[in-house]
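Please read these notes with the model open.

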Amino acid sequence: YLQLPADLTKMHLTDNPHPQVTHVPSSQSGCSIASDSGSSSLSDIYQATESEMGDVDLTGLPEAPVDSEDEEEEEDEDIDRTSDPLLGRDVVRECLEKEPADKTDDDIEQLLEFMHQLPAFANMTMSVRRELCSVMIFEVVEQAGAIILEDGQELDSWYVILNGTVEISYPDGKSESLCMGNSFGITPSLDKQYMNGVVRTKVDDCQFVCIAQQDYWRILNHVEKNTHKVEEEGEIVMVKEHRELDRSGTRKGHIVIKATPERLIMHLIEEHSIVDPTYIEDFLLTYRTFLTSPLEVGNKLLEWFTVDSLRDKVTRVVLLWVNNHFNDFEGDPAMTRFLEEFEKNLEDAKMKGHLRLLNIACAAKAKWRQITLQKPSRDSPLFFSLLGGSDKGFGIFVETVEMGSKAAEAGLKRGDQV
């Protein structure tokens with residue numbers, strides 16, 4: 001038997017000797033939302049159904065040591081870097097300390113990712129935040145108790161607190177504390193404005209971003225010029241905003257920022273801007289927050305399918321829906337009937353390629369389940385019929401299920417493969 005060393009801390013003990021660390025740029029970080037059944041593209045379905053991975057033969061490959069001390073040290077450093085919550089703030093500070101003219105597109109993206117979390121920027125559109133990030137100036141007040149603005153002082157900037165706390169003491173004796181993400185200073189106007197109260201720091205190392213009055217007014221008022229409002233019968237039903245995704249001006253166009261539920265559904269079959277290419281996917285992911293039933297969308301799609309010019313667009317929406325959110329259909333009998341009706345429409349329209357895609361998507365996304373159907377006697381009817389078998393050359397499927405029967409109540413559905 002080998003004796004364990006007295007000092008166990010000298011041993012490198014770990015459950016996973018090769019931790020995998022994924023570096024995510026802060027411009028791509030944020031919340032990642034997955035759909036019910038897993039989101040993937042239609043090309044993924046083709047690859048999953050038409051090709052299968054076999055066993056990988058690793059014989060003949062050269063061997064190399066993988067547990068060297070150098071690599072372990074590098075991995076430990078990687079873990080330290082990715083687990084350090086201040087690392088992202090250091091990157092943001094580097095971007096902030098640059099002069100506005102020296103900021104690159106990457107710098108602005110870094111700032112945008114950080115600023116959108118702050119309450120002061122919460123109600124602003126993406127383009128407004130982007131413009132503000134491009135002109136903001138970074139300031140630091142080292143000591144607590146320092147006066148930033150005197151009562152009655154003429155204002156020339158809008159301030160947002162990035163670190164620390166400030167206190168505003170009003171002439172009537174009341175006071176207010178503002179912390180990270182809060183703002184104070186001018187309103188978006190070119191009129192002369194004066195400070196009401198005294199603003200002083202409450203802690204050391206208070207950090208701010210400042211935006212000059214001229215820039216603040218120009219950017220916030222430019223929003224109205226960049227918005228396009230769609231009216232129907234005297235009411236605004238949709239608001240679009242013009243955006244430029246880069247400074248070259250090649251990626252620009254209008255993006256929907258708000259609309260009525262009916263108008264959002266209508267936009268599914270309209271032309272989408274180059275700056276809004278994922279509108280359909282975004283709609284299918286979020287419609288539950290503003291629609292009471294998915295059939296509101298389904299009935300409209302069936303109606304539009306009868307129009308020749310809209311047929312391909314409607315089919316694309318349904319294929320994306322089935323592929324990314326199959327639970328919407330699998331768990332809802334009404335939506336299952338919608339899918340059956342849409343399938344029949346594809347057959348009638350002789351759209352064999354799209355029908356095959358639909359079948360592939362359904363087969364790839366469907367989940368295994370066990371159904372128990374009890375019969376009072378051997379001669380009792382089944383209330384469902386089967387199709388297929390070895391003589392037909394394909395598997396056994398449920399062809400029909402009698403509505404309201406015990407088979408339907410047990411969860412058996414047309415199209416189930418036994």
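1. In α13, the buried residues are L355, L357, L358, I360, A361, C362 and K365. Buried here means under 20% relative accessible area, exposed over 50%, and partly exposed in between, with a 1.4 Å probe and protein chains only. This is a predicted model, in which local features need pLDDT of at least 70 and side-chain atom pairs count only at pLDDT 80 or more, while totals for chains, interfaces and linings use all residues. Residues are numbered from 1 along each chain as its sequence is written, and side-chain values use heavy atoms, with hydrogens and water left out.

2. α13 is 14 residues in length and spans 20 Å from first C-alpha to last, close to the 20 Å expected at 1.5 Å a residue. That expected span is 1.5 Å times one less than the number of residues. Helices (H or I, at least four residues) and strands (E, at least two) are DSSP runs, numbered from the N terminus.

3. How do the axes of α12 and α13 cross? Helix α12 (residues 333–348) and helix α13 (residues 352–365) have axes that come within 9 Å and cross at roughly 150 degrees. α12 is therefore roughly antiparallel to α13. Angles under 35 degrees count as roughly parallel, over 145 as roughly antiparallel, 65 to 115 as roughly perpendicular and the rest as oblique. Axes are lines fitted to C-alpha atoms, for helices over the stretch in contact, and angles run from 0 to 180 degrees between N-to-C directions.

4. On the α12 side, L339, F342, E343, L346 and E347 make the contact; on the α13 side, H354, L355, L358, N359 and C362 do. Contact means heavy atoms within 4.5 Å. By class, the α12 contact with α13 has six nonpolar, two polar and two charged residues.

5. S189 sits in the loop between β6 (183–185) and β7 (198–201). S189 counts as buried because its relative accessibility is 19%. Leaving aside residues up to four places away in sequence, S189 touches Q213 and W217. A polar atom of the S189 side chain lies 3.1 Å from the backbone nitrogen of D191.

6. Two loop residues deserve a look for phi. Most residues other than glycine have a negative phi. E233, in the loop between β9 (227–232) and β10 (235–244), has a positive phi near 55 degrees. E233 is exposed, with a relative accessible area of 85%.

7. F383 has a positive phi near 70 degrees and lies in the loop between α13 and β12 (384–389). Because its relative accessibility is 33%, F383 counts as partly exposed.

Conventions
Ala, Val, Leu, Ile, Met, Phe, Trp, Tyr, Cys and Pro count as nonpolar, Asp, Glu, Lys and Arg as charged, and the others, Gly among them, as polar. A polar contact is a pair of N or O atoms within 3.5 Å; within protein, one must be able to donate a hydrogen and the other to accept it, and residues adjacent in sequence count only if both atoms are side-chain atoms.
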